[in-house]
Amino acid sequence: RGARPASRPATLSFASLGSFFRLAAGISAWKSYDGVHRWALRVVPSSGNLQTTELHVVLPGLGAPVAGAPAAYHYCPERHALELRRAVPPEVDPSPASFLIVLNSLCVREAWKYGDRALRSCHLNLGHSAAAVVAAAEAHGWDVVPAHTGLTRREVLSAVLGLEPAPENGTASEVETPELALLVRAAGVSWKASGDEAVIPFPEEVAARPLQLQGSEKGYERWPVMDRAQRSMAVWLGDVLAPPGEEHLLRTAVESDDLGAAILRRRSALAFVREGFALSRSVLISSLRALCHCSPPAGGRVGVHAMLMLHRAEGLPPGLYVLLRDLNDVNDLQHFAQGRLVHWKGSMPMPLDPEMQEELDRLEQTGCGLFVAAVPVDMRQAAQASSCNQDIAGDGAIAVSLLGKFQGWRHPSRYRELLWEAGAVGHSLHLVAAQAGKGASGIGCFFDDFVLSLLREPDGRDPTIKASMALDRGAWTFQPLYHFAVGVPAADKRLHSFAPYHHLGEKYELLQGGVVKIMED
């Protein structure tokens, strides 16, 4: 199950490429509180709206008058434009009907605010971006797979994009760090413009120099702990990794008849309506499917599971649940929770309705199972307390804590992969909520020990009881990585909204139809 494919997969062209980038990383709206001072919202959420992920693309030779050879470009959301970085070696040339997406991190953009903790939010943001790329491809009927294992090596990606090696004090300047490469495969290709298709870029609109990031000359405070972690998580040429497994298509598992519209509607809620709302059964089922089947962006085995604090939803009683995204981890999870989890079939106070039972059975047949910690229980106070006492976690219909498995790692890069997976799962929930006309919000602040105590200690659900700080070794098998909440967003009447590309004027009026320009930097 997943996003319904486009009625007919789009041919790869300037128009479809422009539409893809708008859905993968473009601007969704401008906001203002006084009509003068404005800030842009993007289709991808970012903690603090600080935008720590940059998107690049390696395209096959587009022919005259653009670039006759395969080349790497940077996507500029504000101008909806591609900026030429450099030609790429023939070995990296994608097939004519495919292109390579590379996601780079710039954690320094958040370090000034969050310190060394910016490392976590930076990679969660990148997971959101990876899922946004997959969703944009799904909206066009295209496939996405992790790139060849050779492109997981940092030196290789840096060379492909023409990036300088990151200095030892990487957070003291805006130096991009290549992280993840994804291959997008279309059904066919046609770079020639015709009729109402996109305007052909002209030679003078192609940048002849590498991209220079705004602010690259600025000095920043150094964050050596984050720098060391970034270097240790990188996969280098000399590192020995597990052999690549079977190729799997990446998916968001978001069901939508118009995924593009849901992507453009997506917003991060600032507050939820507190009373009088319950998540419908259909939206709950769509949320469970997305939680179960959203792919890890780097491929490989699932490593993130979802602890659900269900407040108000049709089909399941309120309480504390765990949705195990891979049932192979059931024994480890039971040991972690000290045997307190019970399969849903043996723990409900009353029988579930047939539709919900059938859905849970179907999910289990795909390797994803629901377990119950406590029902019926009001989890609103505990959800709020566990999320640094933020109202939004208790006011919505459901709060989620995404738990990563900290066991059996073959390489430190597994940590960033778990963060990417958590970000991708959160993004899928965002899109499910947007599709249903609801709201969602990622929550980056939470109390780790209190979250763990909810599953491990009988009194852990009571925030007035101090959570155990002396956790045994088994308590570190799973760790919270990201919190999330879904509900009905409360309108903020102070804010004004503006169309996403109104600032570009008449010259760019075709952007609404998905036009992409390749422009001078």
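Gln338 counts as partly exposed because its relative accessibility is 41%. The cut-offs are under 20% relative accessible area for buried and over 50% for exposed, with partly exposed in between (1.4 Å probe, protein chains only). Gln338 sits in the loop between helix 8 (330-336) and strand 11 (342-343). Helices (H or I, at least four residues) and strands (E, at least two) are DSSP runs, numbered from the N terminus. Gln338 has a positive phi of about 55°, although it is not a glycine.

This is a predicted model, in which local features need pLDDT of at least 70, side-chain atom pairs count only at pLDDT 80 or more, and totals for chains, interfaces and linings use all residues. Residues are numbered from 1 along each chain as its sequence is written, and side-chain values use heavy atoms, with hydrogens and water left out.

Asn49 is another non-glycine residue with a positive phi of about 55°. Its loop runs between strand 2 and strand 3. Asn49 counts as partly exposed because its relative accessibility is 32%. A further backbone feature is the cis peptide bond that joins Val375 and Pro376, with omega about -20°. Pro376 lies in the loop between strand 12 (369-374) and helix 10 (380-386).

Now the overall picture. The protein has 13 helices and 17 strands. Of its 521 residues, 56% count as buried. Contact means heavy atoms within 4.5 Å. Among contacts with a separation of 6 or more, 82% are between residues 24 or more positions apart.

Next, the interior. In soluble globular proteins, nonpolar side chains tend to be buried together. A nonpolar core here is a set of buried Ala, Val, Leu, Ile, Met, Phe, Trp, Tyr and Cys residues joined through side-chain atoms within 4.5 Å. The largest such core has 46 residues, and Phe20, Phe21, Phe99, Ile101 and Val184 touch the most other members. Helix 3 (residues 118-139) gives the largest share of this core, 8 residues. A second, separate core holds 45 residues, including Trp344, Leu370, Leu418 and Ala440.

Helix 4 (residues 154-161) has the buried residues Arg154, Leu157, Ser158, Val160 and Leu161. Seen down the axis of helix 4, these fall within an arc of 160°, so they line one face of the helix. The arc is that of the directions from the helix axis to the C-beta atoms. Ser158 counts as buried because its relative accessibility is 11%. Beyond its neighbours within four places in sequence, Ser158 is in contact with Leu163 and Pro178. Just after helix 4, Gly162 takes a positive phi of about 75°.

On a 1 Å grid over the protein atoms alone, a cavity is a set of points where a 1.4 Å probe fits but cannot get out, and a pocket is an open set with protein on both sides within 12 Å along at least five of seven lines; lining residues have an atom within 4 Å of a point. Grid points are joined across faces, edges and corners, and a volume is the space filled by probe spheres set on the points. The second largest pocket holds about 1,400 Å³ of space. Its lining has 46 residues, and Arg267, Ser268, Ala269, Leu270 and Ser441 are the closest to its centre. Strand 1 (27-32), strand 2 (38-42), helix 3, helix 12 (413-435) and strand 14 (439-443) each supply at least two lining residues.

There are 4 cavities of 30 Å³ or more. The largest cavity has a volume of about 150 Å³. Of its 16 lining residues, Ala25, Arg42, Val44, Thr53 and Ser129 are the closest to its centre. Strand 3 gives the most to this lining, with 3 residues. The second largest cavity has a volume of about 40 Å³. Helix 3 provides the largest share of its lining, 3 residues.

Last, Val488 lies in the loop between strand 15 (478-487) and strand 16 (496-498). Val488 counts as partly exposed because its relative accessibility is 22%. Not counting residues up to four places away in sequence, Val488 touches Ala271, Phe272, Val273, Phe277 and Lys438. Phe277 is 211 residues from Val488 along the chain, yet their C-alpha atoms are separated by 7.5 Å.
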